[in-house]
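User: Hello! I am new to this structure and would like to learn how to read its features. Could you take me through them step by step?

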Amino acid sequence: MYSVKELDYGTPKRVSDAQITLEIDGKPVTVPSGASVMAAAVEAGVRVPRLCATDMLEAFGSCRLCLVEIEGRKGYPASCTTLVEPGMKVRTQTPKLATLRRGVMELYISDHPLDCLTCPANGNCELQEMAGVVGLREVRYGYDGANHLRAATDASNPYFGFDPTKCIVCSRCVRACEEVQGTFALTVDGRGFASVISPGGTDFLSSECVSCGACVQACPTATLMEKSIAEQGQPDHSVVTTCAYCGVGCSFRAEMKGSQVMRMVPDKDGHANHGHSCVKGRFAWGYATHPDRIVKPMIRVRITDPWREVSWEEAIAHTASEFQRIQRKYGRGAVGGITSSRCTNEETYLVQKLVRAAFGNNNVDTCARVCHSPTGYGLKQTLGESAGTQNFDSVAHADVVVVIGANPTEGHPVFASHLKRRLREGAKLIVVDPRTIDLVRQPHVEATYHLQLRPGTNVAVIDALAHIIVTEGLWNEAFVRARCDLKEFEKWKAFIVQPHHSPEAMEGITGVPAADLRGAARLYATGGNGAIYYGLGVTEHSQGSTMVIGIANLAMLTGNLGRLGVGVNPLRGQNNVQGSCDMGSFPHELPGYRHISDATTRALFEAAWSVTLESEPGLRIPNMLDAALDGSFKGLYVQGEDIGQSDPDTQHVTAALSSLECLVVQDLFLNETAKFAHVFLPGSSFLEKDGTFTNAERRISRVRKVMPPLTGLADWEVTAALSNALGYPMHYRHPSEIMDEIARLTPTFRNVSYAKLDRLGSIQWPCNDRSPEGTPVMHVDEFVRGKGKFMITAYVPTDEHTTRMFPLLLTTGRTLSQYNVGAQTRRTANVVWHDEDKLEIHPHDAEQRGVREGDWVGVRSRAGETVLRAHITERIQPGVVYTTFHHPFSGANVVTTDISDWATNCPEYKVTAVQVTRVSQPSEWQRHFTELDHQQHELLEHRQREQA
Ligand code: SF4
Ligand code: SF4
Ligand code: SF4
Ligand code: FES
């Protein structure tokens, strides 16, 4: 339900080459075949009254308010369920229709509280509006009969309430939960007058509901309503912007009252989400104005000193002088910067420019280092471009979907809803994951194969799949011959047919039955359009890059590239991780993935930036940390990242941070990294700035300022000020000028501009003269590198293996309600779903250790030890344990090690050999953590007291 109304066609949009012309109330109108009479009427500018219909949902035909008359037909068909036909003559307003509609409305209103003036939906209620539209003036049945007016409100969900007294049982909510979200949490209990909407016989909070809000959006009355609206009234305007959480990149209308966000409503025109969202984007925006926000710059000499609030001028001047002092004393390479995948493209571009042009070195890296850097490497080597091949809509054309090392229902929920819809339509699913993720078995969705491999054996599985496809003659010879480098293919083929790649030989390594591997390979190779979606379970391994290459090999081998419904699709973690990589955040690459050693590219940037650039790649994050411990790296500028929590081997990271002479953190909150900082530059949230994010489909979308920055400056303005203070001028008046510079210097962004983004809504790069409106599907006629390159993917076991001392393998992942290090979501009501990270352990392993549900257990690896509460579950296989990493005290990364991907240094988060034992107190690291945490918050409060 919208207050700042969008046009609603009543039934979903249809696409068809066949066009049908009919007449509505005497007006001719032409619509695609398959459209409803109701939608055609809207096209003709006629609004037929309705209650149970909305264009997010298939027509249901229950309310009988949308009746029309059709010449030559008997009776009064419902316009929402009647499809258009050529030459149809429809009348929407006749005396008989008016009487029928008033009769329907009378029945609804006789069982509805008449408290419109004090109802939170007043002025934005479809029931109220329809009563007016049909001209209801009296209710003959009175209000004293049987009714639902004393039913209790369910306020259990932190974000929305359910007031059954206002329910008209239109079932829009039930259908939204099924059709849009795919969760099936709601039912209509009872029959006839006794019908009520029920979240599975319990309250919303304890039900299967995942709080996506689709039912709230679909509800035409105040029955399901956001608490923010119920408490504060209706918004007065809206601004379209992009979610700042995951890589799906949902488009939202921020509905505002003045500069206050009232609610976030997913945008029906959003090309990534088509009007849907998850709990994070829709509801978890309160962190932006949380009291923990630090909004004034602060500096201190030592990390044991209290913070001193200073002006922006002083903070910038101090930072610049510290970096200059360090460079004078230790050399130009002694400082560096880390860009953020949570910040905009423009901000990320500026930070890498600051490092290369103002610091004068290439010591810039980004958090993609620890997530999808192997994707960049693997896809560039094989296909020629460091990005996924499809748009999200492509999944609607897939026949077989392979999900490898990803958990879309938790990590990429809106994409998961699209995927589940396709699976309900009949597409087959193969899941490759050590855990039984939700997708393996859900209402109306079941994987044909779940290849439950041992952590660390991805490459063995992908090699076995390729072996089967080649040796059974299932490969697409025509595609390979036409599109791939045949010399490389023949080399690879000779490698992959070797008997040790057979599923029978690999079974002992992977733990996956050979028959399942054979079945899955045959299904993927012969089941029609095969699409692979993968996540960090692929990349965060010592062979992360090898596995990405293996996936690309498999897709080329079967011809599953270059059209809708197929492809190789990395599900990117953070909102702008694709963008931060595109913008040249890696030490070896300038924007657009061009190597810094390439003299022509360097010359282009040197001319544009009026500097001389270093030709050697700079330090990666792990190298910066090692160099800090060695004493050769002394100054670091971290924008919007929390390496103190997110990077592996926490104790190594914090030791390195402690060795720095000037650590500058730009963030919303005093995060784990900032506890070691000397300068804190307050950051701005996505609501406070203009810019763009690029999602996992290479889709560039606008971020629009809906409120002024609480700190006075957007992040890009701070970076520019720092650059100016360092003597390298940056004078941009608006982020659009930064994008113009990016477009001038980056071939894949050549035709991108804010004006075009405003016109098209969003653009998938490459966007240049060849594809001026963007590229939904890549590698259509040929690969970006020309011929696709098969590469050898020999399985090499990780050094991290189980021993008598560390007999279990720990793997990590995410949960729906929390996001990454939790800095944002922990400061929202999302904590009701996940207030601590737990250790999932199989009943067999738990029993062996005498561990019961909820016990505290020590998790110890060769890197460190932490203590978590145990959750006993068969989702995880024996010999493997699992945890999330959203809470700093959990210390998941105290346990993870320094092993990393051979090509990119992406850490092997997914495999750590551990021992688990029952304990009764926190680990030593946790005790130190608590002390440091108290100390740092004391120092922060001391600053606040001084100011007071
Ligand atoms: S809760 Fe709202 S959407 Fe659901 S049946 Fe009742 S009125 Fe319709
Ligand atoms: S919030 Fe989403 S999951 Fe929950 S009942 Fe509504 S539609 Fe279903
Ligand atoms: S977190 Fe991801 S799926 Fe959820 S609303 Fe934001 S972009 Fe969409
Ligand atoms: S809107 Fe058509 S029957 Fe309800």
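Analyst: Here is a short tour of pockets, cavities, ligand shells, a helix and some backbone features. This is a predicted model: local features need pLDDT of at least 70, side-chain atom pairs count only at pLDDT 80 or more, and totals for chains, interfaces and linings use all residues. Residues are numbered from 1 along each chain as its sequence is written, chains are lettered from A and ligands numbered from 1 in the order in which they are written, and side-chain values use heavy atoms, with hydrogens and water left out.

User: Which element supplies the largest share of the lining of the largest pocket?

Analyst: Elements are DSSP runs numbered from the N terminus: helices (H or I) have at least four residues and strands (E) at least two. Helix α12 supplies the largest share, 4 residues. Sorted by class, that lining has 17 nonpolar, 13 polar and 16 charged residues. In this sorting, Ala, Val, Leu, Ile, Met, Phe, Trp, Tyr, Cys and Pro count as nonpolar, Asp, Glu, Lys and Arg as charged, and the others, Gly among them, as polar.

User: What is the volume of the second largest pocket?

Analyst: Its volume is about 1,000 Å³. Among the 40 residues that line this second largest pocket, Glu410, Asp438, Thr815, Leu816 and Arg875 are the closest to its centre.

User: How many cavities of 30 Å³ or more does a search of the whole structure find?

Analyst: The search finds 13. The largest cavity has about 670 Å³ of space. Of its 41 lining residues, Leu536, Glu540, Thr812, Gly813 and Lys910 are the closest to the centre. Strand β31 gives the most to this lining, with 3 residues. The second largest cavity has about 190 Å³, and Ser684 is one of the residues nearest its centre.

User: Is Ser684 buried or exposed?

Analyst: Buried means under 20% relative accessible area, exposed over 50%, and partly exposed in between (1.4 Å probe, protein chains only). Ser684 counts as buried because its relative accessibility is 5%. This serine is in the loop between β27 (679-682) and β28 (691-694). Leaving out residues up to four places away in sequence, Ser684 has contacts (heavy atoms within 4.5 Å) that include Arg293, Leu668 and Lys689.

User: Which residues come nearest to ligand 1?

Analyst: A residue is near a molecule if one of its heavy atoms lies within 4 Å of it. Of the 14 residues around ligand 1, the nearest are Cys167, Cys170, Ser171, Cys173 and Cys219. Ser171 also has a positive phi near 65 degrees, though it is not glycine, and it is buried, with a relative accessible area of 6%. The shell around ligand 2 has 9 nonpolar, 2 polar and no charged residues.

User: How far apart are the end C-alpha atoms of helix α17?

Analyst: The expected span of a helix is 1.5 Å times one less than its number of residues. Helix α17 (residues 514-526) has 13 residues and should span 18 Å, and its end C-alpha atoms are 18 Å apart, which agrees. Buried residues in α17 include Leu517, Ala521 and Tyr524. Just after α17, Gly528 takes a positive phi of about 100 degrees.

User: Where is there a cis peptide bond?

Analyst: The cis bond joins Trp765 and Pro766, with omega about 0 degrees. Pro766 is in the loop between β30 and β31.

Conventions:
1 Å grid on protein atoms, 1.4 Å probe; cavity = no way out; pocket = protein on both sides within 12 Å on 5 of 7 lines; lining within 4 Å. Points joined across faces, edges and corners; volume = space filled by probe spheres on them.
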